Amino acid sequence: MSEPHHQHRSNTKLKQQNKPFKSKHLSKSSLRDKAKGKVERVYIKNQSARGFSNKTDRRNTAKLLQQKKREELFRKTKIFDGKNGAPKVVAVVPLCADVNADDAVAKMFASVDQVPANQGTVLMTTDRFKQKLQFVPLKRNYIDIMDAAKVADFLLFVMSAVEEVDKFGEMVLSGIQSQGVPSVAATVSNLDGTPAKKHSDIKKSLLSFTNHFFPEETKVHALDNATETVNVLRMMANQLPKSVNWRDTHPYMLAESVAFEENPSDPSVGTLKVTGYARGTHFQANRLVHLQNFGDFQLEKITSAPITHKAVHVSDGMDAEGTETVLDAPVPEEQDDLAAENEPDLLANEQTWPTEEELMEAEERVRNMDPAQKSEQSFNSAAPKKVIRRVPKGTSNYQAAWIVDSDHESDEDIEDEEDDEDERMDDDDLPSARNAEDSGEEYEDLEVENEEQDKEEEVYEDELDNEEEARQYAEYLAREKENRDDMEFPDEVEAPMDVPSSVRFARYRALESFRTSPWDPYENLPLDYGRIFQFENFRRTKHRVMNQANEDGVLPGTHVNLYIANVPRAVMDTYSAARPFIVFGLLQYEHKMGLVNFVVNRNAEYDGVIKAKDPLVLHCGFRRFVVRPIFSQNSRNGKGTNNVHKSERFLQHGRSTVVTVYAPIHFGNLPIVLTKDSEDVNSPNLVATGTLMDADPRRIVAKRIILTGHPFKVHKRSATIRFMFFNPDDVWYYKSVELRTKLGRTGHIKESLGTHGYFKAQWDQQISMQDTVMMCLYKRIYPKWGTTLWVNPDAGSSSTQATMAAEGMDMD
């Protein structure tokens, strides 16, 4: 009888169950830590996600968040509160040719039984709304509208009930959208000249048009109706203006009055006194300010200005009882200078000499590339044999090697010798062995190497003559040009027939991996890189500079006088009270030149060709420059380990592109607008819009070229390629570069065939005869130096003086 078989069963009843530790008493280690006074830190942040929060922690977190929002709301509203609060800036923008901004402002004043004190920028103070509104009526000038929209709290669009919004109005709306939109109010004028039964349809049509640009708008108000006009004023007085984030990080001021005091030693420059309300972040006397069309300047001091409830644009902004108090003065050691460029050190360039080991490696590499210089073991062939030739007396071994022996020459050799222009030689210049008996010269026997066998091996049996090969090559190029419109491979180039590719593309290199192959960002930099500034960590510097801008200086909402030093007299000559005069404050380092990158998207409505390094007008925040940018791809998955990005020859539609220029450094999420000047100064072409990316000169923009070839013969995984090169030296020079095809095959060059640039390549799979062989080479490119300040030709009667003053800056 067999013994019973024992079997373990998976039964929970047989498993041992231990009682969990639930002691209510502290352990010895806990008591020891408590006796030492140790306090464990409890993290409140993200406790709910980790499962450690309780009701009290969640309540405290919500209370802190609520308190933070209240403080932010109080900070935004306190500058408008009280009798001495700052007025809300309302920019009145006419979108139609038959409406006038001054008439719209007059109707606003008439609705509250007031009359504007003057034409141009005017202040409205009403006890009814307990708020001050500063109206800025604008002409149909594109640059003035864009500048006013940058500092306005409200945009009051005036449309017509008779005429439609023209092309200029649509261009203005697109430009405002691209640079940031504050609070908006839509109105309609000339409604009395239309039948009353059509008023509702006209408003609906204009509302539909407005919603195309500003979807949050729900009503179009009629300026001819006093009740609706009062509702517009009530809305602007009671509503908190929408904040524009990039604008709130920089100080700015809309001028109420401007005065100029000449410098006694130099009458062409002087001190400009600008009075107005400080807005944005803190004004600091140690920082520079920017004036449109003239550039950056230093501040002498910032003083308080008495508040008058009269119309703006008075002579000096002072009353009889007014006194000035210095609010901020520059510290000479901490004040920003006007030096925009760095002085390059010409002796800091690379002055290294290759070592002996590097020279030996280079010689060995060249020797391995050339089959005529390879060793006997490399080719597994015997050394060339010595032959005896009868030559004229005094002939050297080099000349004797070129003399063709009649016993060994053939018709094919003669034809090949005559067809190859690169290796053809005049037989009349050298003595021939065939007419040796006819001449009376003395002859001798020399021992030379027999290269006939090597020449026979170099001749490829399927090689065509030059005329036939040129004809086939022309047909091949014509066929390839038919497929260029698909934009699949825009970087294809043809290798030149008269210049070796190793010479023509000497500055290009091959990369095993475009994303991971090492590329030194400081290698062979141009001299212009010595003129720019670089940050060790741009993001950390940006946070530090923007935090310091909120610590010291004049608080926003303060009525101040800015004393700007060494301002050209042309600023006062071009000043007009009917146009907005704006002073923009710069943060630290924003005057320094750097390599700035922007991410832009091309405007779909512009169909012109935009090529790299074409002159464009860059609108970056408050400043404008004439730049010559280069374009590169915006990698969706981020940069690779080598920070290399492929360049683009043209700015294409339908995809984001990185624009790289030499320009002053910017901080913050600034909006970018690229325009191109047209014949009409008031109607520039909107090319692209985007945002600031960074100021990193280590970002490598690589231009790619693709050398293409055509399969001539295919046998399994081996193929003969032609039309990529036209001499064997180029084949051996690029032997180590990986080959690719349009259908995804990869391979490498195995050996050269003949003297016309044919070569044999080995592939991972068999390729098709209809496929195209490609070799990718890369070269780093740089933007073109020459960034200048853009000067508005319509800046005033003295625009020529403004241009001359801008050219005298250190920007160039």
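Arg745 counts as partly exposed at 22% relative accessibility, where buried means under 20% relative accessible area, exposed over 50% and partly exposed in between (1.4 Å probe, protein chains only). The model is predicted: local features need pLDDT of at least 70, side-chain atom pairs count only at pLDDT 80 or more, and totals for chains, interfaces and linings use all residues. Residues are numbered from 1 along each chain as its sequence is written, and side-chain values use heavy atoms, with hydrogens and water left out.

## Salt bridges

The side chain of Arg745 meets that of Asp764 in a salt bridge, at 3.7 Å from N to O; the term denotes a side-chain nitrogen of Lys or Arg within 4 Å of a carboxyl oxygen of Asp or Glu. Asp764 lies in the loop between strand E30 (758-763) and strand E31 (773-780), and Arg745 in the loop between strand E28 (738-741) and strand E29 (746-753), so the pair ties together parts that are 19 residues apart in sequence. Helices (H or I, at least four residues) and strands (E, at least two) are DSSP runs, numbered from the N terminus. Asp764 is partly exposed, with 36% relative accessibility.

By this rule the structure has 25 salt bridges. Among them is the contact of Glu216 with Lys242, at 3.8 Å from N to O. Because Glu216 is in the loop between helix H7 (199-213) and strand E6 (220-222), and Lys242 in the loop between helix H8 (226-238) and H9, this pair joins parts that are 26 residues apart in sequence. A further salt bridge is formed by the side chains of Arg740 and Glu738, at 3.5 Å from N to O. A network of salt bridges links Glu341, Asp528 and Arg531.

The table gives the accessibility of residues in two of these pairs.

| Residue | Relative accessibility | Class |
|---|---|---|
| Glu216 | 44% | partly exposed |
| Lys242 | 38% | partly exposed |
| Arg740 | 39% | partly exposed |
| Glu738 | 36% | partly exposed |

## Aromatic pairs

A pair of aromatic rings is described by the distance of the centres and the angle of the planes. Rings of Phe, Tyr and Trp (its six-membered ring) pair if their centres lie within 6.5 Å; planes under 30 degrees apart count as stacked, over 60 as edge-to-face and the rest as tilted. The structure contains 23 aromatic pairs. One of them, formed by Trp246 and Phe622, is tilted, with 5.0 Å centre to centre and 50° between the planes. This pair links distant parts of the chain, 376 residues apart: Trp246 is in helix H9 (residues 245-248), and Phe622 is in the loop between strand E19 (616-620) and strand E20 (623-627). Both Trp246 and Phe622 are buried.

Phe535 and Tyr589 form an edge-to-face pair, with 5.8 Å centre to centre and 65° between the planes. Phe535 lies in the loop between helix H16 (501-504) and helix H17 (538-548), and Tyr589 in the loop between strand E17 (582-585) and strand E18 (593-602); the two are 54 residues apart. Phe535 is buried, at 13% relative accessible area, whereas Tyr589 is partly exposed, at 28% relative accessibility. Elsewhere, Phe157, Phe209, Phe213 and Phe214 make up one aromatic cluster.

## Charges over rings

A charge sits over a ring if NZ of Lys or CZ of Arg is within 6 Å of the ring centre and within 35 degrees of the ring normal. The charged end of Lys88 sits over the ring of Phe80, at 5.5 Å from its centre. Lys301 lies over the face of Tyr563, 4.9 Å from the ring centre.
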